[in-house]
Amino acid sequence: MSAYDIIIIGSGPGGYVAAIRAAQLGLKTAIVEREHLGGICLNWGCIPTKALLRTAEIYHFAQHAKDYGLKLEGTITYDPADVVKRSRGVSGRLNGGVGFLMKKNKIDVIWGEAKLTKPGEIVVAASSKPAVQPQHPVPKGTLGAGTYTAKHIIIATGARPRALPGIEPDGKLIWTYFEAMVPPAMPKSLIVMGSGAIGIEFASFYRTMGVEVTVVEVMGQVMPVEDAEISAIARKSFEKQGMKILTSTKVTKVVKGANSVTATLEDDKGNKQDITAERMISAVGVVGNIENLGLEALGVKTDRGCVVIDGYGRTNVPGLYAIGDVAGPPMLAHKAEHEGVLCVEHIKGLHVHPMDKRKIPGCTYCHPQVASVGLTEAKAKEAGYSVKVGRFSFGANGKAIALGEDNGLVKTVFDAKTGQLLGAHMVGAEVTELIQGFVVAMNLETTEEDLMHTIFPHPTLSEMMKESVLDAYGKALNA
């Protein structure tokens, strides 16, 4: 039996970052993984999808070379196998990087499936779940099956795709993000059920690569968590690219053919229609991996498929913690990382502030990109704030025009009484890189005056951030 200060179950962004921070603080640490170092994010989520989207972006630019004064001879084509190969190579590089970080920080990696047997103890056995293929090699020097104890155990088991009854993914005709990331061939047509970040990113990728795409969303707008104005601009751009979008519409039935899927759709007025495509992607959210961990025997409180925690990652069972997707929304890698560091530092006795979910940015890497932090205009008003709203268009920014990316908007929402920045919302080129400026501003409790007196470099896309602030107070200079 091996004893540790901390054992972490799951090596996704939350788990492996928590392990590194624990080791930095001098805690004897082990991490348990049953399938892929780096979890879903590095292997089947955040990173490989960005590689696919980068390929799509370059393909798009190649097709529009003449817009930039360039002439490319011949037809621009691609091989789906090579597109997938590049994405998997990017994933493999980072997977190996996590293994290196574990070794560098002297963190024991235990390979297998962990189950809590009592407070402070786990039993690790060979995984009962077949690994999603392709699987990267198991790192050298890992520990195996056995009983392990720790003063503190952190659950970081992540989440998996949610399946709707009667529309369960089969890996052939109905895909999850796993299959959508490694298509053996490019389908001619595709139905995407759900327009959250996962759904709309895949819709954007496949549409750019020439696939006929129909997006079906049960809510009244695409990307339902985003500001309505930003969502409307994004939708207009998607439709201009040839994407068909049906909002306030649900899939009620699916009939599978030999090489096609026919979905019965019903809108909020009761109107029905059937649409047929070669493949369907089910992107209706994710659910936490809480099964087969022994949580019930220990009396761990769960709610709607996630472990219930406080602001420091503590469960209702002393010595047991949870972080990341398994601990509930927002289910984002950067939230998991921060939550892991916060949890470990609290265990060590350091003074830390509990997680403030209002200051967690969200990014969607479709074309155009969408990014946001804080309250939408509607949510701010619902919360009782009197607001000042600023807007600045990409079409009025010199750098955006020079890039050929003049479609987009930066929107800011302020408390009219105090000048507090309540939220920031963007759609357009590289906004996923810009949003962090507003995240920092919110964490520093920056007011509109502070932002107005900050010098932004010219010519940059970031100038639109300041102009949006100025516009909220009737002081925009370039609009």
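Arg304 is located in the loop that runs between strand S17 (302–303) and strand S18 (306–307). Helices (H or I, at least four residues) and strands (E, at least two) are DSSP runs, numbered from the N terminus. The model is predicted: local features need pLDDT of at least 70, side-chain atom pairs count only at pLDDT 80 or more, and totals for chains, interfaces and linings use all residues. Residues are numbered from 1 along each chain as its sequence is written, and side-chain values use heavy atoms, with hydrogens and water left out.

Arg304 is a residue other than glycine, yet its phi is positive, near 50°. Its relative accessibility is 74%, and Arg304 therefore counts as exposed. The classes rest on relative accessible area: buried means under 20%, exposed over 50%, and partly exposed in between (1.4 Å probe, protein chains only). Asn292, also not a glycine, has a positive phi of about 60°. This residue, Asn292, belongs to the loop between strand S16 (286–288) and helix H8 (295–298). With a relative accessible area of 56%, Asn292 is exposed.

## Cis peptide bonds

Where do cis peptide bonds involving proline occur? One joins Pro329 and Pro330, with omega at about -5°. Pro330 is placed in the loop between strand S19 (320–322) and helix H9 (333–348). Another cis bond runs from His458 to Pro459, and its omega is near 0°. Pro459 is found in the loop that separates helix H13 (448–452) from helix H14 (463–472).

Five strands form an open sheet in the order S20-S21-S24-S23-S22, with antiparallel pairing. Strand S20 (362–364) and strand S22 (387–393) are the edge strands, each pairing on one side only. Two strands pair if DSSP finds at least two bridges between them. In general, strands of a sheet pair through backbone hydrogen bonds, either parallel or antiparallel. On average, neighbouring strands of this sheet are turned by 10° against each other, direction ignored. Axes are lines fitted to C-alpha atoms, for helices over the stretch in contact, and angles run from 0 to 180 degrees between N-to-C directions.

S20 and strand S21 (residues 369–374) run antiparallel and are joined by three bridges. Across this pair, Cys363 stands opposite Ala371 in S21. Helix H14 packs on the sheet and touches S22, strand S23 (409–415) and strand S24 (421–428). The direction of H14 makes about 140° with that of S22. Contact here means heavy atoms within 4.5 Å.

## Aromatic pairs and charges over rings

How many aromatic pairs does a search of the whole structure find? The search finds seven. Rings of Phe, Tyr and Trp (its six-membered ring) pair if their centres lie within 6.5 Å; planes under 30 degrees apart count as stacked, over 60 as edge-to-face and the rest as tilted. The ring centres of Tyr59 and Tyr78 are 5.2 Å apart and their planes lie at 80°, so this pair is edge-to-face. The pair links distant parts of the chain, 19 residues apart: Tyr59 is in helix H3 (residues 46–63), and Tyr78 is in the loop between H3 and helix H4 (80–104). Tyr59 is buried at a relative accessible area of 13%, whereas Tyr78 counts as partly exposed at 26%.

Phe414 and Tyr473 also form an edge-to-face pair, with 5.6 Å from centre to centre and 70° between the planes. Phe414 lies in strand S23 and Tyr473 in the segment after H14, so that pair links parts of the chain 59 residues apart. Phe414 is buried, with a relative accessible area of 0%. Trp44, Tyr177 and Phe178 form one aromatic cluster. The charged end of Arg88 sits over the ring of Trp44, 4.0 Å from its centre. Likewise, the charged end of Lys28 sits over the ring of Tyr4, 5.0 Å from its centre. A charge sits over a ring if NZ of Lys or CZ of Arg is within 6 Å of the ring centre and within 35 degrees of the ring normal.

## The chain as a whole

The protein chain holds 14 helices and 24 strands. Its radius of gyration is 23 Å, close to the 23 Å that the globule rule gives for 479 residues, so the chain is as compact as a globular protein of that length. The radius is taken over C-alpha atoms, and the rule is 2.2 Å times the number of residues to the power 0.38. Buried residues make up 51% of the 479 residues.
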